[in-house]
Amino acid sequence: MITRGQIADKIVELIQKDVLSKLRETEGKNRSPRIDFFNWRVGAALGSPYCASGAWSAIQDACDALGLKNPVPATAWSQAFRISTFTPKRYIRAVSALGQKGDVGVYKVDGDDDRGHLVTVSEDQKSHPYFSTLEYNTDGSGSRDGDGCYGMVRSTIGETSDKFFMCFTDVPQWILDRNP
């Protein structure tokens with residue numbers, strides 16, 4: 001019997017491999033063979049931002065490794081994970097909730113509902129506001145448009161003047177529930 005924790009562990013393990021291998025943009029802006037593969041898998045144009053396509057690829061690969069069906073639609077759009085027409089509402093945690101390992105965290109750029117940044121929670125959040133993440137398309141300073149894959153510490157409160165944390169989405173539970 002597979003558990004939520006095993007799914008979360010596998011997603012985090014797969015992204016951690018890209019952090020440890022120092023995945024970077026080597027072929028220009030938002031480009032490397034691996035990054036191009038992420039975007040190709042979700043149907044995004046090569047050179048597109050890849051925070052969501054990289055995370056979705058890890059979700060898909062975790063499901064494949066565990067013999068599970070992936071209910072999460074392929075996407076390169078970070079904001080999909082906070083919208084109930086994409087993500088079943090029961091998996092979108094309240095903004096006041098603590099993030100859990102394997103959750104997707106969503107940020108929105110102030111004044112632009114279509115742009116933002118997606119992160120994967122790498123360990124259970126113990127208290128507000130800080131939580132540990134693994135992220136594609138970021139850099140050591142925490143940019144939403146960076147040069148590779150990094151481990152970061154983020155905050156649920158305004159960490160920059162134009163980027164606001166929106167929610168956590170319980171992707172591992174979504175997968176578990178769709179695989180009876």
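The paragraphs below go from the whole chain to a few single residues.

This is a predicted model, in which local features need pLDDT of at least 70 and side-chain atom pairs count only at pLDDT 80 or more, while totals for chains, interfaces and linings use all residues. Residues are numbered from 1 along each chain as its sequence is written, and side-chain values use heavy atoms, with hydrogens and water left out.

The chain holds four helices and five strands; helices (H or I, at least four residues) and strands (E, at least two) are DSSP runs numbered from the N terminus. Their order along the sequence is α-α-α-β-β-β-β-β-α. For 180 residues, a compact globule would have a radius of gyration near 16 Å, and the 15 Å of the chain agrees with this. That radius is taken over C-alpha atoms, and the globule rule is 2.2 Å times the number of residues to the power 0.38. Along the principal axes, the C-alpha atoms fill a box of roughly 45 × 35 × 30 Å.

Of the 180 residues, 53% count as buried. Here buried means under 20% relative accessible area, exposed means over 50%, and partly exposed lies in between (1.4 Å probe, protein chains only). The chain exposes about 8100 Å², of which carbon and sulfur atoms supply 53%; these areas come from the Shrake-Rupley method with a 1.4 Å probe, and for residues only the protein chains shown count as cover. Among contacts (heavy atoms within 4.5 Å) with a separation of 6 or more, 58% are between residues 24 or more positions apart. The 22 positive and 23 negative charges have mean positions 4 Å apart. Lys and Arg count as positive and Asp and Glu as negative, with His and the chain ends not counted; each charge is placed at NZ of Lys, CZ of Arg, CG of Asp or CD of Glu.

In the helical part, two residues in the loop between α1 (4-20) and α2 (33-42) can be taken together: K22 and N30. K22 has a positive phi of about 60 degrees although it is not a glycine, and N30, also not a glycine, has a positive phi of about 55 degrees. K22 counts as exposed because its relative accessibility is 56%, whereas N30 is buried because its relative accessible area is 4%.

Further along, S57 sits in helix α3 (residues 51-66). Its relative accessibility is 1%, so S57 counts as buried. The S57 side chain reaches the backbone oxygen of S53 at 3.0 Å. Not counting residues up to four places away in sequence, S57 touches F38 and R41.

Among the strands, D110 occupies the loop between β1 (104-109) and β2 (112-121). D110 is partly exposed because its relative accessible area is 49%. Although D110 and F164 are 54 residues apart in sequence, their C-alpha atoms are 6.6 Å apart in space.

T156 belongs to the loop between β4 (148-155) and β5 (163-169). With a relative accessible area of 14%, T156 is therefore buried. Its side chain makes a polar contact of 3.4 Å with that of H128. A polar contact is a pair of N or O atoms within 3.5 Å; within protein, one must be able to donate a hydrogen and the other to accept it, and residues adjacent in sequence count only if both atoms are side-chain atoms. Leaving aside neighbours within four places in sequence, T156 is in contact with Q125, H128, P129, F131, F165 and F168. The peptide bond from H128 to P129 is cis, with omega near 5 degrees, and P129 lies in the loop between β2 and β3 (130-138).
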